[in-house]
Amino acid sequence: MNKRILLLYLIVSNSLFAKTKSLTSFEENGLYGFKDKKGNVIIQPQYEQTMEFTSTGVSFVVSKKKWVCIDQKNNVLLESFLYDNGPDYLSEKLARFVENGKMGFHNERCQKVIVATYDFVYPFENGHAIVCNGCELKPEGEHKRIVGGLYGLINRKGKLVVPVLYDAILSFDAKKRLVEVKEAGKTRKLKME
């Protein structure tokens, strides 16, 4: 067999094998766990709810009434921000997580990429996310509303491009690098740092 063909065969078979290692959830006595393709229990039933493992090797599960992200060895990687009764969604390949009462961002592998240092963060949009400190989530019917605090803007690297000093970030134009802020009842435009 030609060496190139053999190498191609090994690459293809290894990538196919990697996809077949995925785990499937199952229920037992009202709790959920995971089995491999052969039916062997890999993670004992212990979760209130589960989502299937993604192609990146992580799953979101409900543990102690919180959505957490686990790997295939059952290590808890992070606690997801609760959005619409489930784990937060990826926006521009980043989603929100909660740690010690603060919020940050993680990638599709549940790796923390922006440290949890803010009281609230909005999803990324056009390469930026609005952040706030001193703000609170207040119940409003079955949803919650953000009230109070000071606001700023970060980029995808977590760098503040507008400091957390303003009553609101009303809008921003990433291309022109302009931000409209509200401060002491007045609005004005700023350049992003």
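**View 1. An open sheet of four strands, paired antiparallel, in the order 13-14-17-18.** Strands here are DSSP runs of E with at least two residues, numbered from the N terminus, and two of them pair if DSSP finds at least two bridges between them. Strand 13 (120–121) and strand 18 (160–166) each have a single partner strand, so one side of each edge strand is left without a neighbour in the sheet. Look between strand 14 (residues 128–133) and strand 17 (residues 150–155) for six bridges; Cys132 has Tyr151 of strand 17 as its bridge partner. This is a predicted model in which local features need pLDDT of at least 70 and side-chain atom pairs pLDDT 80 or more, while totals for chains, interfaces and linings use all residues. Residues are numbered from 1 along each chain as its sequence is written, and side-chain values use heavy atoms, leaving out hydrogens and water.

**View 2. The largest nonpolar core, with 27 residues.** Such a core joins buried Ala, Val, Leu, Ile, Met, Phe, Trp, Tyr and Cys residues through side-chain atoms within 4.5 Å, buried meaning under 20% relative accessible area with a 1.4 Å probe, protein chains only. Phe105, Ile154 and Val162 have the most contacts inside this core. Elements that give two or more residues to the core include strand 11 (102–106), strand 12 (112–118) and strand 20 (178–183). A second, separate core of nine residues includes Phe60, Val62, Trp67 and Ala116.

**View 3. Residues around Ile154.** Beyond neighbours within four places in sequence, Ile154 is in contact (heavy atoms within 4.5 Å) with residues including Phe105, Ile114, Tyr118 and Leu160.

How values were computed
Buried means under 20% relative accessible area, exposed over 50%, partly exposed in between (1.4 Å probe, protein chains only).
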